[in-house]
Amino acid sequence: MTTVAQAGPGAGTPLIPEPATVVGVVAETPNIRTYRLVLDDPAVMEGFAFLPGQIGQLSVFGAGESTFAISSPPSQRDYIQFSVMRTGEVTRAIHELAEGDKAGVRAPLGCAFPAEEWRGKNILVVGGGIGMAPLRSLLMHLLDHRDDYGRLNLIYGARTPADLCFAEDRQAWQERSDLDFVATVDAEHPDWSGRVGLVPTVLEEENPDPADTVAITCGPPIMIKYTLQSLDKMGYREEQIYTTLERRMKCGIGLCGRCNVGARYVCTDGPVFSLRELREMPDEL
Amino acid sequence: MMRFIEAEKIPELLASLTAGGHEVWAPQEARDTGGAVLFDTIGGTGVLSLDRLTTLSAKHLLLPGTEKLFSFRYALTADGERVELRHEEPQPEKTVLFGARACDARAITILDALFSPRQASAKTYNDPHYRARRENITVITLACVTCDAACFCSSFPNGSAEKSGSDVFMYPVEDGFLAEAITGKGGEITAGPLFEDSELEPPPLAETARVDLAGLKGGLMEIFADMDFWSRATEKCLSCGYCTYSCPACYCFNITDEMRSDREGERLRSWDSCMFHLYTQETSGHNPRPAPAHRFRNRVNHKFSYYPANQGEILCTGCGRCVRGCPAGLDIREVLEAARARAAEKSASREVPK
């Protein structure tokens, strides 16, 4: 059972967002942008608390609301960050937001990664594409509490160099001696001198020892599928593996009905699940 | 002590409730609807119709088809753009729902558990709009002494004698109705001058068709992955959503924004249906429930497996509206019976020694 992280003071009542202002926009890839928001009510912003893995609803009033992982770490008190891939109507409206524009936030929602339970363990983070968003929050949180954890591995891949997010962070992560970071792209590319190979392949090549290790993965469904097979081959057991699910969501409070997998709601019982929990749920992903 | 009211005094009762400041909804045969009986406010052109279950349920009195959650306005100020959210405290009418059936009244208790639970916890939610309407509604239930072939409330513990959700429970007797006050709010109505004390015994209530729900227990999840079964059992489904819209207990909703001008708009909550393809379709195009069979399976499982697992109750009251109204003639009872048989078959074949 994933530990239910008690949400701290949040933004917005269950269905009514907290007005917020965009204070920063980072173009990550051709279709992914990161939005940094400050809640307009200083007291709510001051009290806002969450844990990595938790999600939020980002509103553009008039266009609607969509669910995103919070991609900033809890220690980032100056803003709340969401990284958004442009795919539909709401995300298109979000991509039109510029610094100073208004938006709405309902957060945090859902359960966090049980990072407290993982203290003392080695951590392997495996991300692909936009799937790095929740993992960035987690990784930075782990780095904030670096002494609490053992070996720390990050494998992050995307189709092309231009599809890798968080360029500035990647630079910083490469320079750290206490983080083993491998960035990879699917195929050779003129702009890329680093590792080449699909994430699961690189994962098997790196082969971090499963002993006393927790693996957390998030990315496109096909990457997750093969990553889970690789982890299994490498000797990781179901209870050592965590992922975070994506579903179409509306309310974020377990009520509107659409994000259930069996009797569990991704918005409230998840989005973080261990592979063991997922295996016990009906196969309807 | 039961109270009695003459049948011919019912219009007077409804008029007095209206005069007392209530908006009174009662089953009426609507004009030009091919004989549909619907809950409507009294005083219009409809004709009171108390002899059969309404075609659609009364859930819209608590969960309107569409309602405003809040309005928003972008405003330009000296400091730049601001966004103002306006959330008005709901101020519902005092409402009487007259002529609900036991299945309709019990459905309200199901909605209560989701939208205004009596026992709050970190995981429960108390919806201000629902709560305000709920506190202001009085439910006068008409007990069923007859039923039709689509009814199946006798599959549930109290059958047609279920009183939860009712404030007054009225039994049809010769020339009138016996009224039993279930709540204090109901007692205030039956204490009125149109009622008199009565020694009459309540009549026997309807016995409907039964679905073996106990036998179904656990079986649904046994056959979850059996898409042959689900595809065949639900192949008539048109994904039209009638079953969910007519259901008194279905509550799933959508949230959307509507602009009213270029700077002002509203966020709305509206009924949605798990039978619709777009309900679960993700923007990537991926859909975890891509076919009607997946969606029907989810609807059946939500009602008879998931919801009981989470809330301890079945999300169905046996009103039969989904059976009566399905344009393709799909009968959820037949699906449940077939599921039970299939699950039994499956577990029997497992028990055969090799």
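How many helices and strands does the secondary structure of chain B hold? It comes to 11 helices and 13 strands, where helices (H or I, at least four residues) and strands (E, at least two) are DSSP runs numbered from the N terminus. The model is predicted, so local features need pLDDT of at least 70 and side-chain atom pairs count only at pLDDT 80 or more, while totals for chains, interfaces and linings use all residues. Residues are numbered from 1 along each chain as its sequence is written, chains are lettered from A and ligands numbered from 1 in the order in which they are written, and side-chain values use heavy atoms, with hydrogens and water left out.

**View 1. Chain B as a whole.** The radius of gyration of chain B, taken over C-alpha atoms, is 23 Å, close to the 20 Å that the globule rule gives for 354 residues, so chain B is as compact as a globular protein of that length. The rule is 2.2 Å times the number of residues to the power 0.38. Along its principal axes, the C-alpha trace of chain B spans about 75 × 70 × 45 Å.

**View 2. The contact between chain A and chain B.** Chain A brings 38 residues and chain B 43 residues to the contact, which means heavy atoms within 4.5 Å. The area buried between the two chains is about 3,400 Å², with 57% from carbon and sulfur atoms; buried area is the accessible area (1.4 Å probe) that two parts lose on being put together, summed over both. F61(A), L255(A) and E284(A) supply 21% of the area that chain A buries against chain B, more than any other three residues.

**View 3. Two cis peptide bonds in chain A.** A107(A) and P108(A) are joined by a cis peptide bond with omega of about -10°. P108(A) belongs to strand β6 (residues 102-109). Another cis peptide bond, with omega of about 10°, links G270(A) to P271(A). P271(A) lies in the loop between β14 (264-265) and β15 (272-274).

View 4. N207(A) is not a glycine, yet its phi is positive, about 50°. The residue sits in the loop between α5 (199-206) and β11 (213-218) of chain A, and N207(A) counts as partly exposed at 43% relative accessibility. D175(B), also a residue other than glycine, has a positive phi near 65°. D175(B) is placed in the loop between β9 (168-173) and β10 (176-181) of chain B and counts as exposed at 60% relative accessibility.

Terms used: Buried < 20%, exposed > 50% of the residue type's maximum accessible area, 1.4 Å probe, protein only.
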